[in-house]
Amino acid sequence: MKTPILFLLICLGMGTLYGQIEIYGTVTQKNGQPVLGANIYLEGTYDGASSDENGAFRFQTYETGVQTLIVSSISFETFMMAASIEQFKNLNIVLKEDVNSLDTVVISAGTFEAGDNSKVSVLKPLDVVTTASALGDFVGALQTLPGTSTVAEDGRLFVRGGDAGETQIFIDGIRVFTPYTPTTNNIPARGRYSPFLFDGITFSTGGYSAEYGQALSSVLLLNTIDEPDQEKTDISLMTVGVGLGNTQKWNNSSLSVNASYINLAPYIALFPDRNDWQKPFEAFSGESVYRRKFEKGLFKMYVAYDATNFTLTQEDINFPDGLYFKLNNDNLYTNASYFGDLGESWKLETGGSFTRAANKLGIDDSEIENVENSVQLKVKLRKRFSNRFKLNFGAEQFLTDFNEDFQNLEIPETSYGYHNNISAVFAESDLIFSRKFAAKIGLRGEYSGLFQQFSVSPRASVAYKTSNYGQLSVAFGDFYQQPFGDVLKFDQELEAQKAQHYILNYQYFHNDRIFRAEVYRKEYKNLVTYNTEFPDFSSNYNNEGFGYAQGLDLFWRDNQSIKNLDYWVSYSYLDSERKYNNYPEQVTPSFANKHNLSVVGKYWIGEWRSQVGFSYTFASGRAYTNPNMPGFLQDQTKSFNSISLNWAYLISQQKILYFSINNVLGFKNINGYQYADVPNMNGIYDRRALQPAADQFFFVGFFWTLSDDGKENQLDNL
Amino acid sequence: MKKLLFYSTLFITLSSFAQAKFDQGMEQAFDLWKNDQPWEAANLFERISQAEKENWLPSFYVAQINVLYSFSEKNEEKLSAQLNKAQDFLNDAKSLSKDNAEILVLQAQLYTAWIVFDGAKYGMTMSPKISQLYEQAYQIEPDNPRVASGKVEWELGTARWFGKDTKPFCEDLQKAVNLFDTYEPKGKFYPNGGAEYARQSLAQNCKEE
């Protein structure tokens, strides 16, 4: 009875003895260096070992037949090999570097990224709200980066000698048609949208992806948050208004709603400015984001509405009683996007937007009413063939319908406008040859229904790692953009304007210090020209304009050298001339200053639970036309200086008190001059300095967050 | 009868062979870990996780080793490679075991490792996530000592950062330490550590004066 069992056990034992096979070999990198700690094993079994300091490994297995050997190690691509078990002997396995790892080269020419996800962030997400001069406006924070010009009275982004209209803003990949709040001509415009809704910002000052078009100079990409952290209510009380926000979360979805009411009446009563306000600036805005997760996708819907109105009389050298200006603006923007995983490394991004912007303006005795309705539809597919080769392609359609009614004492009601339809296709591939060498090559085709014109824009960029922490990138591209609405509404017999970018970038990033230097050359063709003081019906329009911009941008950021201090310095040198609009010759436009310098610092004082911020902006003088001398845009203002300070004090985890002062030292900056239409008795044209509405601006705010667990803190808002 | 008994025993032995193999593998991995070979242990846990695709524990331990050894890592490239690996395995564990307080706590620790590395860069965005995770874990399993102590530690650290009195947390910390004595792990190889660290923290933060 016992014998057969014993026999069975012996057989099993024998089997063990005979069936055991030894697998051994070494694991090395491409350059022959051994890999320590790699995990070598047979798929689906426990049998395996770790490689030692010589890259050697050795283990036994009872498995038979064809097996898959797997070698995995951090920062290398996983190696797999299927073969008969007897062949796993004296193996020499060479692992390929994982190009997804942190030290892989990134294409950085022209691009600044902000966010936790990007490998090299120039700005952190919260810099937008903690930069002293920015006053919580994301556009204001970006103006401290190189490549932007200081056009203090305007507030929009003027990039590398380009007009503000040459920069386009996108939310979740979908274009924003009217990104700025309307203001008077001596108060800077602000971005319409709350910086707290975004967790990623990419600012490109040139050479950007073929996915984006209709921008001659620059694109700004904003991504909304995928999933809010928790349910909460935010209350803000400010010297200029109040705000309320609420976030609700459910199993697979969430909704965030923000509303704010801004009224400058009390502030202006306390600190009167250079404008004579009949109805101080008042704005109501509301925005909401709804997000829903599906098993393999994410749907987001963003809706923003705002209504602004003000009435004032501004000083004007040609109107002794001043110039009357009244504005009512209603703006609705909705954007829906879906991001889905289709399997087999295919990804789908699709979305659309609708914008309705309505303005009612009263200027002197003229009344103007206009409505812009715009729609965009976009679909994009992404296929990852391997870590080293990815392909993006897609198509989009823009539809714009603009209508304006004009009337004054001399001209009876007149109506005019345009329909502008643009269709576009794009394709782009990411090629990563090694951790040191990567390229992006794309092509964009656009068809304008208005001009019946087809354009093709190639785009390419290449990056090469020159050392452990340094890299070089070059970028090249063609960019087309339709003439702006202020011209299109009077004349549609035109064609697209064109710019060509050439960029060379060096970036050094190590130990939380980043240095960037970029030189570029940009050439403009087919810019719109006209022959009157302002574009109107009587003007003669052409595409005969041209120009160039070239320069050097430098950036340095360091939060390592001095404890608790984070600072950055940006310097831009710009040489730009153009002939466009009604310019009689090629000259430097008034928005292009030769030298721009920004220094921004943030210092954390632990004992005071306070962050103090500092920013300094210097810009060399801007061109203006002095009719008392021959020439056009031949004179220059004095240079611009401003120092701003802010102080954020954490009263407790949920309460924060915030102070800021712009232009602390009260520099009397001059943005340009307005000359009288007719000379005075001595034959001299009198002038008036164009100054900001107020030299200084104060802001005090109290922000309070209420959350279920009482733990959410205002650090987010710091 | 005897024969029947014998064969049935043999049958049970064979059927539990897979379980025994799992136990043996896990024990071997824990031994490696105890003997100061955490990366060998992580590799073995990883091998087990690839073979036992239904069990969350091996993936959990791969993630845990990568997280724990990231707290002292100063090289950003290495840190991010380790934490990304930890996140991958933690995602695997999450998909196998839903609403698991231990996994939520480890996710909170993973985010904390980022903050420890660079508070200015990651603190502001990750700290609300961490609070939320401890809150969620606490709702699932309030008596789990790792949930209780992790939550108090986090709150205490935040209070200290804000220059507030940390004494009010001592009672909760003491309670959490006591939980380690009474808590029974829900199964073999289930997480059961953290007591030593919690006691140290109690001694450090709540000295009687």
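Chain A is divided into domain 1 (2-95) and domain 2 (111-717), with bounds that come from an automatic or database domain assignment. Taken over C-alpha atoms, the centres of domain 1 of chain A and domain 2 of chain A are separated by 58 Å.

This is a predicted model, in which local features need pLDDT of at least 70 and side-chain atom pairs count only at pLDDT 80 or more, while totals for chains, interfaces and linings use all residues. Residues are numbered from 1 along each chain as its sequence is written, and chains are lettered from A and ligands numbered from 1 in the order in which they are written.

The mean pLDDT (the predictor's confidence in each residue, from 0 to 100) of chain A is 87, and 93% of its residues reach 70 or more. Over residues 6-17 of chain A pLDDT stays under 50, and the model has 1 contact beyond four places in sequence for this stretch, a contact being a pair of residues whose C-beta atoms, placed from the backbone, lie within 7 Å. Residues 710-718 of chain A also have pLDDT below 50, yet this stretch has 33 contacts in the model beyond near neighbours in sequence.

In chain B, helix α4 (residues 56-68) and helix α5 (residues 76-96) pack at an angle of about 155°, with their axes 8 Å apart; helices are DSSP runs (H or I, at least four residues), numbered from the N terminus, and axes are lines fitted to C-alpha atoms over the stretch in contact, with angles from 0 to 180 degrees between N-to-C directions. That angle makes α4(B) roughly antiparallel to α5(B), a term for angles over 145 degrees.

Technical notes: Helices (H or I, at least four residues) and strands (E, at least two) are DSSP runs, numbered from the N terminus. Angles under 35 degrees count as roughly parallel, over 145 as roughly antiparallel, 65 to 115 as roughly perpendicular and the rest as oblique. Two residues are in contact if their C-beta atoms, placed from the backbone, lie within 7 Å.
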